[in-house]
Amino acid sequence: MFKEIRNRYIRYTVILLYTIIIFFCALQINFLWLFGYSPSIKDIKLPTQRVGSELYTSDGKLIGRYFKENRTPVSFEEIAPSVINALVATEDVRFYKHMGIDFRSLLSSGISTATGDKRGASTITQQLAKNLYRTRYNKSQGLLSKIPLVRTIIPKLKEWSTAVKLESNYSKNEILTMYLNTVSFGNNAYGIKTASRTYFDKEPSTLDVPESALLVGMLKGTSLYNPIKNPEKALERRNVALSQMNKYNYITAAQLDSFKTQPINLQEGRIDNGSDGDSYLRAAVDKYLEKWCKDNNYDLYEDGLKIYTTIDSKLQKYAEEAVA
């Protein structure tokens, strides 16, 4: 077929394109188990964010939470604009201009790496693909993962293809929301709502610019830039995020100077996990829930179930006081 193309440059180009298409098709279908798991279109349209389940009394009192990752998702409207601006300015300034892969950043990163200044080029969408579908976990690895260099390349290619799928199925605001609901902020705080409650004891919609910059700055290293464990490093990183916001016109120079002088004002909040009191009730239903979830193919710790008991919290309290 290719021999019919007389111009050898065109022929080689066509062969290269065919090879790329066949390779990505093989990657997607995990041909001969070589590449490992790649998210399907169904996985893209129905993503799992590993949300903990909640146990309530009949009158709506939370008496228990079951989670591996402490996360409470929020909508885009519930996130302060300063968080979005800080994230884009710091992590992916061309976010609104690319379709999941930023080729300009890739080229710049390649040149920088070649000169000894290693820089990342992953877009927010690629990071979401990695976090949401765990493309670098063992279960996602195929037989080719045993080859050292290929072990690094294959997950990156999966993230690229998954990022393009995400961009094709979701708006930019939806991608930002999923990212902020998925990412870890350290201290077992997953998602922007849990993080804002953990570090500032407030809702994410009320975060100010320095607070937003601090949380976004942590994403580079949740341990190294943890404001509780390493306040000086966290302050430095926050100011870097603020400088990025100024560089890309999200804040003025005067605001930058003002914000940089502000100390980190943590207001460590308490995340209500429903564990206070009602321990008898929890113990009574725990075993039943685990069995029910197993029989019905649910994960109690990741499927975000809302479970209501027949117990009335007020009547239960009166009963406990009567026998105390």
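Reader: In which helix is the place of Thr-90?

Author: The structure is a predicted model. Within this model, the place of Thr-90 is in helix α3.

Reader: Does Thr-90 count as buried or exposed, and which residues is Thr-90 in contact with beyond its neighbours within four places in sequence?

Author: A residue is buried when its relative accessible area is under 20%. Thr-90 has 16% relative accessibility and therefore counts as buried. Leaving aside neighbours within four places in sequence, its contacts are Val-216, Arg-237, Ala-241 and Gln-244.

Reader: Which residues does Ile-192 touch, not counting residues up to four places away in sequence?

Author: Ile-192 is one of the core residues that touch the most other members. With residues up to four places away in sequence not counted, Ile-192 touches Val-74, Ile-79, Val-83, Leu-180, Asn-181, Phe-185, Pro-204, Leu-207 and Leu-215.

Reader: How many residues form the other core, which lies apart from the largest one?

Author: Among the members of this other core are Leu-289, Cys-293, Leu-305 and Ile-307. The number of residues in this core is eight.

Reader: Where does Thr-198 lie, and what does its side chain reach?

Author: Thr-198 lies in helix α8, and its relative accessibility of 11% is why Thr-198 counts as buried. Its C-alpha atom is separated by 8.0 Å from that of Gln-267, a residue 69 residues apart along the chain. At 2.6 Å, the side chain of Thr-198 reaches the backbone oxygen of Thr-194.

Reader: How many residues of α5 are buried, and what covers them?

Author: Helix α5 is mostly covered, with eight of its ten residues buried. These buried residues are Ile-124, Thr-125, Gln-126, Gln-127, Leu-128, Ala-129, Leu-132 and Tyr-133. Their cover includes α2 (41-45), α3, α6 and α7.

Reader: Which residue just after α5 takes a positive phi?

Author: The phi in question is about 50°. The residue that takes it, just after α5, is Arg-134.

Reader: What span should helix α1 have, and how far apart are its end C-alpha atoms?

Author: Helix α1 (residues 8-29) has 22 residues, so at 1.5 Å a residue it should span 32 Å. The distance between its end C-alpha atoms agrees with this, at 31 Å.

Reader: Which residues of α1 are buried, and why are they on the same side?

Author: The buried residues of α1 are Arg-11, Ala-26 and Leu-27. Around the axis they cover an arc of only 135°, so they lie on the same side of α1. The face turned away from this buried side carries the exposed residues Tyr-9 and Ile-21. Among the elements that cover the buried residues is α6 (148-169).

Reader: How far apart do the C-alpha centres of domain 1 and domain 2 lie?

Author: The protein chain is divided into domain 1 (53-69 + 279-323) and domain 2 (76-261). The C-alpha centres of these two domains lie apart by 35 Å.

Key:
Residues numbered from 1 in each chain as written. Predicted model: local features only at pLDDT ≥ 70, side-chain atom pairs only at ≥ 80, totals over all residues. Heavy atoms only, no water. Helix = DSSP H or I, 4+ residues; strand = E, 2+ residues; numbered from the N terminus. Expected span 1.5 Å × (residues − 1). Buried < 20%, exposed > 50% of the residue type's maximum accessible area, 1.4 Å probe, protein only. Arc of directions from axis to C-beta. Contact = heavy atoms within 4.5 Å. Core = buried A, V, L, I, M, F, W, Y, C linked by side-chain atoms within 4.5 Å. Domains from an automatic or database assignment. Polar contact = N/O pair within 3.5 Å; in protein donor to acceptor, adjacent residues only side chain to side chain.
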